[in-house]
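These are my notebook entries on one structure. I looked up folds, ring pairs, charged pairs and surface.

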Amino acid sequence: MMEALRLRNVDEDFKAHRQAWLNREVQAEKQIGKKSKPVFETFNQFFDYEKSISKDYQKFETTKQAETFESRISKIYQKRKGGK
């Protein structure tokens, strides 16, 4: 269930970035001499969907490892309390 929520959030970010991309089509240009050129040549330069999902999974795995570590520490303390 949490995975679906995270993926939905990434999709919402994608939609927001896509809208910003469309807005950029009208506005964003950089001056090169007398000519102007778009800042981003492709949408993927602006928002990398796969990279965003990868970052999200890395955050999840880090949190999952931290919870596992915390649960191990609490088990050790419980054993020490019960043993003494």
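Entry 1, terms. I call a residue buried under 20% relative accessible area, exposed over 50%, and partly exposed in between. K37, with a relative accessible area of 35%, is therefore partly exposed. I note that the model is predicted.

Entry 2, overall layout. I found three helices and two strands in the protein chain. Along the sequence I read the pattern α-β-β-α-α. The protein chain has 84 residues, and buried residues make up 11% of them. I put its accessible surface at about 7500 Å², and carbon and sulfur atoms hold 53% of that. I also looked up contacts in the protein chain with a separation of 6 or more: 55% of these come from residues 24 or more positions apart.

How many aromatic pairs does the count come to? I get five aromatic pairs. One of them is F14 with Y49: the ring centres are 5.2 Å apart and the planes stand at 75°, so I log the pair as edge-to-face, the cut-off for that class being over 60 degrees. F14 sits in helix α1 (residues 2–27) and Y49 in helix α3 (residues 49–83), so the pair links distant parts of the chain, 35 residues apart. I looked up the accessibility of both residues. F14 has a relative accessible area of 23% and is partly exposed; Y49, at 25%, is partly exposed too.

Next I took W21 and F43. I log this aromatic pair as edge-to-face, with 5.5 Å centre to centre and 85° between the planes. W21 belongs to helix α1 and F43 to helix α2 (residues 43–46), so the pair ties together parts 22 residues apart in sequence. Are W21 and F43 buried or exposed? W21 has 11% relative accessibility and counts as buried. F43 has 19% and counts as buried, given that the limit is under 20%.

I then checked how the rings join up. Ring pairs link F14, W21, F43, F47 and Y49 into a cluster.

I count two salt bridges in the structure. In one of them the side chains of R6 and D56 meet at 3.3 Å, N to O. Which helices does this pair tie together? R6 is in helix α1 and D56 in helix α3, so the parts tied together are 50 residues apart in sequence. I find R6 buried, because its relative accessibility is 13% and the cut-off is under 20%. D56 is buried as well, with a relative accessible area of 18%. I also listed what R6 touches, leaving aside its neighbours within four places in sequence: R6 is in contact with D56, Y57 and F60.

The side chains of E41 and K37 also meet in a salt bridge, at 3.7 Å, N to O. E41 has a relative accessible area of 46% and is partly exposed. K37, already noted at 35%, is partly exposed.

Which residues form a nonpolar patch on the surface? I find F69, I73, I76 and Y77, with about 400 Å² of accessible area together. I looked up the place of one of these residues: Y77 lies in helix α3.

Methods:
Residues are numbered from 1 along each chain as its sequence is written. This is a predicted model: local features need pLDDT of at least 70, side-chain atom pairs count only at pLDDT 80 or more; totals for chains, interfaces and linings use all residues. Side-chain values use heavy atoms; hydrogens and water are left out. Rings of Phe, Tyr and Trp (its six-membered ring) pair if their centres lie within 6.5 Å; planes under 30 degrees apart count as stacked, over 60 as edge-to-face and the rest as tilted. Helices (H or I, at least four residues) and strands (E, at least two) are DSSP runs, numbered from the N terminus. Buried means under 20% relative accessible area, exposed over 50%, partly exposed in between (1.4 Å probe, protein chains only). Patches are made of residues with over 30% relative accessible area and no salt bridge: like charges are joined within 9 Å, nonpolar side chains (Val, Leu, Ile, Met, Phe, Trp, Tyr) within 5 Å. Accessible areas come from the Shrake-Rupley method with a 1.4 Å probe; for residues, only the protein chains shown count as cover. A salt bridge is a side-chain nitrogen of Lys or Arg within 4 Å of a carboxyl oxygen of Asp or Glu. Contact means heavy atoms within 4.5 Å.
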